[in-house]
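Me: Can we walk through this protein together? I'm new to reading structures.

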Amino acid sequence: MTKGMIISDIARHISSSKSVGIITHIMPDGDAIASVLALTLGLRKKGLHPIAIRNDVIPKEYGFLPGLNHLTDLDDLHEYPETLVVLDCGDIERLGQGCELATKAGTVINLDHHISNTMFGNLNLVDTGAAATGEIVYQLIKLMGIDMDVDIATCLYTAILTDTGGFKYDNTTWISHTIAGELITLGVKPNLVSQMVFDTRTLSKTKLIGKAIDTIKIYHDGKTAVMYVDRHMLEQAGSSRDELEGLINFARDIQGVEVAVLIKEVSDQQFKVGFRSKEYTDVSRIAGVFGGGGHKKAAGCTINGGLTAVRKKLLEEIENAYNRREGI
Ligand SMILES: [Mn+2]
């Protein structure tokens, strides 16, 4: 079947189902949440009554999205939907508690763009060329003849904006920009969405960034930047651990830096370490030396020991990685 035939099949199936649930993965990102809301709002415009299911906490930066009031907590569901639409989820296990719904639903529809998707649905539309699941939901909404409005458009724009890192990542295509352009004609305000999603942070996190930046030390002729955060700094800034997210980018973005490291104190003798690389270093391999892992340009591990020894071991392994490259 071609993609066009599958999407028509999916549209038909959704329209004729007695009940439709819409869900996404736990620890949802912007694409995940906004895709669920866009499809929910779209189907409601068509006179359907989909159940948008919340199976995890929605991060506060997405609190501005239209349609959040339609979310129903997983625990409050009274019956299993006949059809379950799963969005932006490569693997059924990532539904967390929502996994059970997928086993009980008559039909599972899997709409996604992850290359690792396990094709767990009865109907699968996995388009790895799509920058965001929001692009696929856009196609589905169009195909179903649903009149787009500014609320749906805001959700779809947010989905594409977040998964392309603000149209910066290499998954960004002319299609992403074309869809985004159309969404703007419907009334989306790009500056406001960007501000909500990327440029809003709490005072405590802002203070934490300041403290963390102060700790940056540079090694290996400017190629390595090491940042450090301990429990005392978190306390002083009034921050919780989730505010450590994204901190490492301030070290990575320094001109000339190839590998950035963030050492986070967990307890007296235990540290969580995050790695980012810019161009050529496979940091998952470095993290692997310490029993961790991840992606080529983003990885992490946990190391036990004293801070000085931990830092020394990390710097040695990073230097080994540079030497391996020179040895090519
Ligand atoms: Mn996505």
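The chat below covers the metal site, the domains, one serine and some ring contacts.

Me: What should I know before we start?
Reply: This is a predicted model, where local features need pLDDT of at least 70, side-chain atom pairs count only at pLDDT 80 or more, and totals for chains, interfaces and linings use all residues. Residues are numbered from 1 along each chain as its sequence is written, and side-chain values use heavy atoms, with hydrogens and water left out.

Me: Which residues are the protein donors of the manganese ion?
Reply: Asp-31 (OD), Asp-88 (OD), His-113 (NE2) and Asp-163 (OD), at 2.1 to 2.3 Å. Donors are N, O and S atoms within 2.8 Å of the metal (3.2 Å for Na, K and Ca).

Me: Are Asp-31 and His-113 buried or exposed?
Reply: Both are buried. That means under 20% relative accessible area, with a 1.4 Å probe and protein chains only; exposed is over 50%, and partly exposed is in between.

Me: New topic. How is the chain divided into domains?
Reply: Domain 1 is 3-197 and domain 2 is 203-326. The bounds come from an automatic or database domain assignment. Their C-alpha centres lie 34 Å apart.

Me: What does Ser-204 touch?
Reply: Ala-237, Gly-238, Ser-239 and Glu-243, leaving out residues up to four places away in sequence. Contact means heavy atoms within 4.5 Å. Ser-204 is buried too, at 16% relative accessible area.

Me: Which ring does the charged end of Arg-325 sit over?
Reply: The ring of Tyr-280, 3.6 Å from its centre. Lys-223 lies over the face of Tyr-322, at 4.2 Å from the ring centre. The cut-offs: NZ of Lys or CZ of Arg within 6 Å of the ring centre and within 35 degrees of the ring normal.
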